[in-house]
Amino acid sequence: MKISKKVVLIGHFGVGKSSLIRRFVENTFSDDYKVTIGVHIFKKKVAITEEDKDISLVIWDLEGNDDIRDTRTSYLLGTHAYIYVFDVSRPATYMTIKDDIDYLKQHCNKTLIKIVGNKEDLLTKEQIKQLNKEIEPLVDFYTSAKTGNEVDELFSKLAMELI
Amino acid sequence: MLKTYKKEHGKTIIQYLVVDFNGQILESDDVLFSNVKAQNITDINPFFETLIPLLETDHEDYFFNCIHLNLNNKSITADITLKTFNKEKYPLLTITDLSSHYKHYQTTAQVRNESVINSQILELKNSYLREKEEFKNTFIANFSHELRDPITGIITFSDILTNTPLNDEQQNYLQILKSSSNFLKKMIDDILDISKIEVGKLKLVLKPFNIRELLNDINANYSIRAKEKGLEYVSTIDEKIPTQIGGDAIRLRQVLTNLLDNAIKFTEKGSINFNVSLNQIRAQKASIHFEVIDTGMGIAPENIDSIFKNFTQINNPLSFKGSGLGLAIVKYLVELTHSKISVETELGKGSTFSTNINFRLEPESKQKAKPLKKTITKPIKQDKKYNILLVEDSEITQLSVLKILARKGQFFLDIVSDASEVIPRIENSEFDLVLMDIKLKDQWGDEIAKKIRQLPEREHKRVPIIALTAKIFSADLKKYKKAGINDVVKKPFDEITLINTINKYLK
Ligand SMILES: Nc1nc2c(ncn2[C@@H]2O[C@H](COP(=O)(O)OP(=O)(O)OP(=O)(O)O)[C@@H](O)[C@H]2O)c(=O)[nH]1
Ligand SMILES: [Mg+2]
């Protein structure tokens, strides 16, 4: 049987949701910022070698906003996993992280949530360490869509957990 | 007619599809994309996978706005609805192409998001720069502050050494020691001033003073300095200048001596002219013109602006000593008086620095009452011995004070370096005066002073307290006064200042 799971990327605007997906799906990156409106949907097959299985991720690239409560609820129907993305270089994008995650959990409990700090290439290792201490709840990955750091790892881990 | 018009000019295009409960397309009117019959909707775009579990629901309407779809190699942005009827009828799917509408919306969102992000980044950058700048200035201020205790030690002990039997060679070495430490002290003062200037903490203190005395003093000093370097020194001071005026005498002296130091430093032969004249007296203000003319190396036009900047020395930095901050301080101080410093210069010929500064005219009566008050030192009883408590944790300062007081032979000095011991010590003895360091290891001296002022016994709580400190911003001085501190001796101090201040408060 074909396994297909819906993964939604959510977070403030400009944090790099589209860029992370582009890096994962096409392995490219652009410095230009094109604001996403509505939603773009991508599909990519991930091979889980350990279990000799394939899984298709249907990835929803949502438009970012100031407050994730403004997200259209129809987009969230039937979601299997969320990737909550913030921008490590812009405090405004992680100020409300605790409330946001609580909201997601409330809205659809049992859904898998991964918390991702993107643009890690803009900070030093030391700064990331410091930031990690300040942010609650725990961040799962610090990624860079620009360098590709931890991007594949993020989606593979997610795919594994979704199987 | 209307039908054709609608077809030709209607903007919204809607495609209707009927699908079975597995998503197989049964019927389509092929408005947006054709030849889809018998395909599964999930093959058209992964978006539709979301709909599959919903197809068997009972009479529901689902709306999905602003979905980007790739259809037949064409990208559109559409609103999609799904209408279900339970098992009795197959579901209906509509796809409305709103591409041009959403394109407009995208442009608006783009502008908005970019401007928000830019302002966030700018704010971040500014706060980062501000923090860095503040850190630098506090660091410099604290650091120069720490340098003052050791410098005080060197200067006091050089003074004390001068009065001991020394041979000629030793006297010469001592002179070098003294001039080097004075030079070092001047540099530290400059750096401290600049750091105060940068955080906006340097303020003028306006008080009546005798400007003629100040100018005579400067002339006495600099005619010697110029002569030592083989330069002629000429000074003209306008007779019409009022004697008593209101202004910041300390800062005026600093401006003039910085300009004169600078002139002497950069002049190898020729003369230094120092002229002071009265421009006018108007509305209780005297405008006085100051100029310092040298026959030194001059300044290239392209360098004129940078001589007033911090940490800049135009000429080879190795050949001239100094902090390089003198002119920056001059410029700032002059600007504090709402005036400007101007420079006329010619390379190889020399430079003229000049400025006009306004001073308050002091009324006649005040002039007579005020002057000299500070210089009167009350004679103290020669035969009486005084008990003095020194609260200080720096050993160098302890020694300096000890030596100065010991030479007078009139004082018993008790030293406490631990803040917690001060109150018990005062309660158990009878001191005539307390010398109080402000920055102790674990407590502020002004806090201790407050406690002293609250002691139950009258003799204890009335004891005169003199602060020994380098922290003399005007906010600090106010704080000391409020804490009940009678006077302040600025670190580094010399023998005369310390003794005079102590004497003022002894009975
Ligand atoms: N340095 C750096 N820049 C990144 C990274 N990821 C994204 N960017 C840049 O950040 C900007 C925004 O990236 P997007 O991927 O469009 O952000 P988004 O979260 O999709 O934004 P919205 O669609 O408005 O919600 C772009 O200019 C990207 O080039 C990264 O890892 N490092
Ligand atoms: Mg995007």
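## Close-up views of a predicted two-chain model with one ligand

**View 1. A cis proline in chain B.** B:Pro492 is placed in the loop that runs between β17 (487-490) and α14 (495-504) of chain B, where helices (H or I, at least four residues) and strands (E, at least two) are DSSP runs numbered from the N terminus. The peptide bond that joins B:Lys491 to B:Pro492 is cis, with omega at about -5°. The model is predicted, and local features therefore need pLDDT of at least 70 while side-chain atom pairs count only at pLDDT 80 or more, although totals for chains, interfaces and linings use all residues. Residues are numbered from 1 along each chain as its sequence is written, chains are lettered from A and ligands numbered from 1 in the order in which they are written, and side-chain values use heavy atoms, with hydrogens and water left out.

**View 2. Backbone features in two loops of chain A.** A cis peptide bond, with omega of about 0°, joins A:Glu136 and A:Pro137, and A:Pro137 belongs to the loop between α3 (125-134) and β6 of chain A. In the loop between α1 and β2 of chain A sits A:Asn27, a residue that has a positive phi of about 55° although it is not a glycine.

**View 3. A salt bridge between two loops of chain A.** A:Lys146 and A:Asp31 form a salt bridge in which the closest N and O atoms are 3.4 Å apart, the term meaning a side-chain nitrogen of Lys or Arg within 4 Å of a carboxyl oxygen of Asp or Glu. Because A:Lys146 lies in the loop between β6 (141-142) and α4 (151-162) and A:Asp31 in the loop between α1 (17-26) and β2, the pair ties together parts of chain A that are 115 residues apart in sequence. Over all chains, the structure holds 30 salt bridges.

**View 4. The interface of chain A and chain B.** Each chain brings 26 residues to the contact, which is defined by heavy atoms within 4.5 Å. Between them the two chains bury about 2200 Å², of which 62% is on carbon and sulfur atoms; in chain A, the residues that lose the most area to chain B are A:Phe13, A:Val35 and A:Ile37, together 26% of what that side buries. Buried area here is the accessible area (1.4 Å probe) that two parts lose on being put together, summed over both. Across this interface there are 2 salt bridges, including one in which the side chains of A:Lys43 and B:Glu49 meet at 2.5 Å, N to O. On the side of chain A that touches chain B, β1 (4-10), β2 (39-48) and β3 (53-62) each supply at least two residues, and the largest share, 5 residues, comes from β2(A).

**View 5. Ligand 1 and the residues around it.** Ligand 1 lies between chains A and B, and of the 24 residues around this ligand, A:Lys17, A:Ser19, A:Ser30, A:Tyr33 and A:Asp121 come nearest, where a residue is counted if one of its heavy atoms lies within 4 Å. An oxygen atom of ligand 1 is 2.5 Å from an N or O atom in the side chain of A:Ser19, and a polar backbone atom of A:Gly14 is 2.8 Å from a ligand oxygen atom. For A:Thr36, an N or O atom in the side chain is 2.8 Å from an oxygen atom of ligand 1. Taken alone, ligand 1 exposes 650 Å², and the protein buries 94% of that, with accessible areas from the Shrake-Rupley method and a 1.4 Å probe.

Note on methods
A polar contact is a pair of N or O atoms within 3.5 Å; within protein, one must be able to donate a hydrogen and the other to accept it, and residues adjacent in sequence count only if both atoms are side-chain atoms.
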